[in-house]
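Please read them with the structure open.

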Amino acid sequence: HLATSDVRFCRVQSSRCEANDFYGVLADIDHDLLFNLATGAECVVYDYGSRGTAWPGEDDDVKIPRAIWWGLEWIRYALARVWKVEA
């Protein structure tokens with residue numbers, strides 16, 4: 001059971017991903033999430049917004065939201081480069 005006080009919300013906008021708005025993706029991310037990612041805290045992501053996009057190079061039956069395969073990967077890359085966080 002997860003306590004309500006342990007739940008956080010942050011939106012990664014797929015429209016920013018589709019527009020290749022690298023800065024916008026990072027600017028929208030909550031500072032609390034960035035800190036937790038940078039310090040290695042466990043972060044669980046739920047996203048039910050897939051428009052039928054398959055993970056690049058994977059089975060077409062597995063649909064992955066762009067905010068995950070593009071947005072979260074960009075955030076991970078940026079943290080690794082700027083904050084020297086292990087990717």
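1. A helix here is a DSSP run of H or I, at least four residues long, numbered from the N terminus. The model is predicted. Phe-35 sits in helix α3, residues 31–38.

2. Phe-35 has a relative accessible area of 52%. The cut-off for exposed is over 50%, so Phe-35 counts as exposed.

3. Asn-20 belongs to the loop between α1 (14–18) and α2 (22–28). Asn-20 is not a glycine, yet its phi is positive, about 55°. With a relative accessible area of 46%, Asn-20 is partly exposed.

4. The largest pocket holds about 930 Å³ of space. Its lining has 32 residues; Arg-8, Cys-10, Val-44, Val-45 and Tyr-46 are the closest to the centre. Two or more lining residues come from each of α1, α3 and α4 (66–82). The top contributor is α4, with four residues.

5. How do the lining residues of the largest pocket divide? There are 15 nonpolar, seven polar and 10 charged.

6. The second largest pocket has a volume of about 210 Å³. Of its 13 lining residues, Leu-37, Leu-72, Ile-75, Arg-76 and Leu-79 are the closest to the centre. Both α3 and α4 supply at least two lining residues, and α4 gives the most, six.

7. Which classes make up the lining of the second largest pocket? It divides into 10 nonpolar and three charged residues, with no polar ones.

Terms used. Residues are numbered from 1 along each chain as its sequence is written. This is a predicted model: local features need pLDDT of at least 70, side-chain atom pairs count only at pLDDT 80 or more; totals for chains, interfaces and linings use all residues. Side-chain values use heavy atoms; hydrogens and water are left out. Buried means under 20% relative accessible area, exposed over 50%, partly exposed in between (1.4 Å probe, protein chains only). On a 1 Å grid over the protein atoms alone, a cavity is a set of points where a 1.4 Å probe fits but cannot get out, and a pocket is an open set with protein on both sides within 12 Å along at least five of seven lines; lining residues have an atom within 4 Å of a point. Grid points are joined across faces, edges and corners, and a volume is the space filled by probe spheres set on the points. Ala, Val, Leu, Ile, Met, Phe, Trp, Tyr, Cys and Pro count as nonpolar, Asp, Glu, Lys and Arg as charged, and the others, Gly among them, as polar.
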